[in-house]
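Let's take a walk through this model, one piece at a time. Keep the picture open while you read.

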Amino acid sequence: MASRIAVSVLSLAFLAPVAPHAMAADFVAEAAKTAPLPDGPHRVWLHDLATVNYSKATLFDGDTGKLLAEVDTGYQGQELELAAKTPRFFSAETYLSRGFRGTRTDVVTIFDARTLLPTGEIEIPAKRLLGMPTSAYASLLDDERFLLAYNFSPASTVSVVDLERAVFVGEIEIAGCALIYPLGPRRFASLCGDGSLLEVTLDEDGREKARKAHAKVFDPGVDPLMEKAVRAGSQWLFVSFAGDVYPVEAAGAELAFGAKWPLASADERAAKWLPGGLQPFALHAASGRLYTVMHQGGPGSHKDPGRVVWVYDLAAKKRVQKLSLAELATSIAVSQDAAPLLYSAFLGAPALVVYDARAGSRLRAIENAAVWPALLQPIAAVAK
Amino acid sequence: MSRFDALTQAAARRVASRTSRRSLLGWLGRLLVGGAALPLLPVARIASAAGTPSGVGKIEDPESCDYWRYCAIDGFLCSCCGGSASSCPPGTTPSPMTWVGTCQNPADGKAYIVSYNDCCGQQACGRCMCNRNEGDRPPYLPWVSNDINWCLGSDNKIAYHCSTALLVGLADK
């Protein structure tokens, strides 16, 4: 490096007599700086599992196809926990002190959402679940005070982090159950291996206040629920391997379990149309539309990619559209604005593909977006 | 892009184009069989409860994703990484916990319980990515979930390297 600088200085010295006016009068040396984070309605985080080593999240502009920025998310990282109340976001992360060996440390990293710089971290027990990511591995509860991370050691517990006090509060044991689905500011659900749903309520300190097991929500021996659920307001929508939607309503004090409804007609089901992928469901909240990646498969095809997206009117529980994708998809997401984009990624290919979510037309592909593109998280424009 | 990355993606695409019943990629996984110290009976019960035997492999090649033992595997094949279908590569150690699948051996028509031990202690091998999900279930049934990094049971060896497929029992009695 030093020799290069020396060469540059020498070059300038030689050039100076040749073009004295340009060099002396107009030249302004650049100062090192960091670019500001561009705003926009169609920014989306894409999580790169990078062959399941150290992962990162990359922010793209869906309108321009430009890469805007990246943040590192540790060993086998998960999605980011995006906040609305403060200009921050969070990431539950794992690090090994010697890269791929050494002491394991798990932390919740706090990022400034304007600069993308890490501003702090809270250490949590070093046993959060590592594996293929889903949004339910860690979650912010609704008022964004508590962040929960799912642990598997192989005992099932949930780590509670108080973001207001920036402390790890403690663990909640959820034996036989897994994952975290927020139900409000102090309440979450977990799916259980016996087909029940566990509801846990926290007190104001983030400790367990009450729990309730809701039996027989689904039958894991007949038609298991995918853990890849979407949240529509106060309602969680779980989808079974066979393609039935199981609504869980959390608006009232008591959870309400709505009647299941099918994604596919009887004929389509006979033709083995099934949902599948890593992030196969997306919601456009304002229009009440559910987007699902579909494929023709069978037993064991629940992670298969699809080339079509079926769109449902959630209020009517009816399909209103079928979109054809130009590329296979294992993950989709939809921006929440009035002119929504549909983002699509496939674990087996490095591109991020952008569609008009209403027309289904392919707008652009962003090549080399990730080594292993996993989860997609659109973010809204910053409110002015 | 590194050569390994390119290989990984090429492998993933090959898997994608070869079979529609197989989703792509994923990785890690496995449950509680692993070490011989653990009793096999509960594993057998769990495995048979999880679904009917499935996944008839077409090829007898342990470096192929079609190898019959790999019917529920999710990760890089240790056969391509210096190990074999039943041994970890040098420099790595098997996870003490695993998850299981049930695969049918075309040679004798019998269904075997397969323990998918992760090999741990080095970064991901990146070769021969293979993901088949016959009998796979979400993490609320962890012993049959191939999405979990089972290197979690290794002392400070959480790094996932590749996956093996050990025969630990007969599923049919």
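Two residues count as being in contact if their C-beta atoms, placed from the backbone, lie within 7 Å. With that in hand, take the contacts in chain B with a separation of 6 or more: residues 24 or more positions apart account for 78% of them. Bear in mind that this is a predicted model.

What does chain B look like in terms of helices and strands? It has two helices and eight strands. Chain B has 173 residues, and 64% of them count as buried.

## Two domains in chain A

Now for chain A, which is split into domain 1 (40-72 + 264-384) and domain 2 (78-217). Where they meet, domain 1 of chain A puts in ten residues and domain 2 of chain A puts in eight.

Let's zoom in on the domain 1 side of that contact. β1 (43-48), β3 (67-75) and β30 (373-379) of chain A each supply at least two residues there. The top contributor is β30(A), with four residues. As for what kind of residues sit on this side of domain 1 of chain A, eight are nonpolar, two are polar and none are charged.

The largest nonpolar core has 159 residues. Among those with the most contacts inside it are A:L147, A:L148 and A:Y150, along with A:L46, A:I332 and A:Y343. Strand β9 (residues 146-152) of chain A gives the most to this core, namely six residues. Why does the core lie between domain 1 and domain 2 of chain A? Because both of these domains give residues to it. In soluble globular proteins, nonpolar side chains tend to be buried together.

## Where chain A meets chain B

Finally, the two chains touch each other: 45 residues of chain A and 42 residues of chain B take part. On the chain A side, β12 (177-182) and β13 (187-192) are the elements that give two or more residues. The largest share comes from β12(A), with three residues.

Sorted by class, the side of chain A that touches chain B has 24 nonpolar, 16 polar and five charged residues.

Definitions and conventions. Residues are numbered from 1 along each chain as its sequence is written. Chains are lettered from A and ligands numbered from 1 in the order in which they are written. This is a predicted model: local features need pLDDT of at least 70, side-chain atom pairs count only at pLDDT 80 or more; totals for chains, interfaces and linings use all residues. Domain bounds come from an automatic or database domain assignment. Ala, Val, Leu, Ile, Met, Phe, Trp, Tyr, Cys and Pro count as nonpolar, Asp, Glu, Lys and Arg as charged, and the others, Gly among them, as polar. A nonpolar core is a set of buried Ala, Val, Leu, Ile, Met, Phe, Trp, Tyr and Cys residues joined through C-beta atoms within 7 Å. A residue is buried if 20 or more other C-beta atoms lie within 10 Å of its own, exposed if 12 or fewer, and partly exposed in between; C-beta atoms are placed from the backbone.
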